[in-house]
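Here are my notes on the model. Please read them with the coordinates open.

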Amino acid sequence: MLAVKTNKPVNFSESAQAKAREIMDRYPTGKHKSAIIPILHIAQEENENWLSVDTMDYVAGLMKIKPVEVYEVATFYSMFNLKPVGRFLLEVCHTGPCAVRGAEWLIDYLCSKLNIKPGGTTADNMFTVKGVECLGACGYAPMMQIGKYYYEHLDTPEKVDALIEQLRNRVDYKHENWVV
Ligand code: FES
């Protein structure tokens, strides 16, 4: 997927910069590049849960590595979003066990209910639906991740409807990763 360039200046908050430095300091001299995944999570949190080219370039500058070294990681892992996403990013697992238990139905049902295509975002910017690979909760299939929370056994329209309604009412919701 091609990343998006916004030409907007990027600057982490002071607390995010301090956290990034603290993570890099966990590694031996010259090996701090290994901190790139948690730092990209911080970058997403600082940029409404997605990574623009500008944000990735900022991370490269912060880590003193080449931009391409950031791009190659950010474009490989599905947890990094290369375009803007809705307030609630519905990451539906569609790997084997979840597929057998109805993941494709779940994605189709969500997309039809929200009037979007897979990977798309609702016009009000509330929801994005994205298919992802195994999230390690195969025994609770079909399931999805929203931020740091898992929602499992989503096998009926009633359960999905109730969850979407619950999310719509979460006015205080702020996306949080569970990794950093
Ligand atoms: S296959 Fe869906 S969580 Fe593992």
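In what order do the four strands of the open sheet run?

1. **Ground rules.** This is a predicted model, where local features need pLDDT of at least 70, side-chain atom pairs count only at pLDDT 80 or more, and totals for chains, interfaces and linings use all residues. Residues are numbered from 1 along each chain as its sequence is written.

2. The four strands form an open sheet in the order 2-1-3-4, with mixed pairing. Strand 2 and strand 4 (149-151) are the edge strands, each pairing on one side only. From one strand to the next, the twist averages 25°. Strands (E, at least two residues) and helices (H or I, at least four) are DSSP runs, numbered from the N terminus. Two strands pair if DSSP finds at least two bridges between them.

3. **Strand pairings.** Strand 1 and strand 2 pair in the parallel sense over six bridges. Within that pairing, glutamate 91 has lysine 130 as its bridge partner in strand 2, and cysteine 93 has valine 132. Strand 1 and strand 3 pair in the antiparallel sense over two bridges. There, valine 92 stands opposite methionine 144. Strand 3 (residues 144-146) and strand 4 are also paired in the antiparallel sense, over three bridges. Isoleucine 146 stands opposite tyrosine 149 in strand 4.

4. Buried or exposed: which holds for the residues of strand 1? Six of the six are buried, so strand 1 is largely enclosed by the rest of the structure. A residue is buried if 20 or more other C-beta atoms lie within 10 Å of its own, exposed if 12 or fewer, and partly exposed in between; C-beta atoms are placed from the backbone. Phe88, Leu90 and Val92 point one way from strand 1, while Leu89, Glu91 and Cys93 point the other way. Strand 2 has five of its six residues buried, so it too is largely enclosed by the rest of the structure.

5. **Nonpolar cores.** The largest nonpolar core has 19 residues. Leu90, Val92, Leu106, Leu110 and Val129 have the most contacts inside it. Strand 1 (88-93), helix 6 (103-114) and strand 2 (127-132) are the elements that give two or more residues to this core. A second, separate core has 15 residues, including Leu51, Met56, Leu62 and Phe80. A nonpolar core is a set of buried Ala, Val, Leu, Ile, Met, Phe, Trp, Tyr and Cys residues joined through C-beta atoms within 7 Å.

6. **Valine 92.** Setting aside neighbours within four places in sequence, valine 92 is in contact with Ala103, Leu106, Ile107, Leu110, Val129, Gly131, Val132 and Met144. Contact means that the two C-beta atoms, placed from the backbone, lie within 7 Å.

7. **Helix 6.** Its buried residues are Ala103, Leu106, Ile107, Leu110 and Leu114. Seen down the axis of helix 6, the buried residues fall within an arc of 95°, so they line one face of the helix. The arc is that of the directions from the helix axis to the C-beta atoms. The buried residues of helix 6 pack against strand 1, helix 5 (96-100), strand 2 and helix 7 (157-168). At 1.5 Å a residue, the twelve residues should span 16 Å, and the end C-alpha atoms are 16 Å apart, which agrees. The expected span is 1.5 Å times one less than the number of residues.

8. **Backbone points to check.** The peptide bond from alanine 141 to proline 142 is cis, with omega near -10°. Proline 142 lies in the loop between strand 2 and strand 3. Asparagine 7 is not a glycine, yet has a positive phi of about 60°. Asparagine 7 lies in the segment before helix 1 and counts as exposed, with 7 C-beta neighbours inside 10 Å. Histidine 153, also not a glycine, has a positive phi of about 55°. Histidine 153 lies in the loop between strand 4 and helix 7. With 13 C-beta neighbours inside 10 Å, histidine 153 counts as partly exposed.

Conventions:
Axes fitted to C-alpha atoms, helices over the stretch in contact; angles between N-to-C directions.
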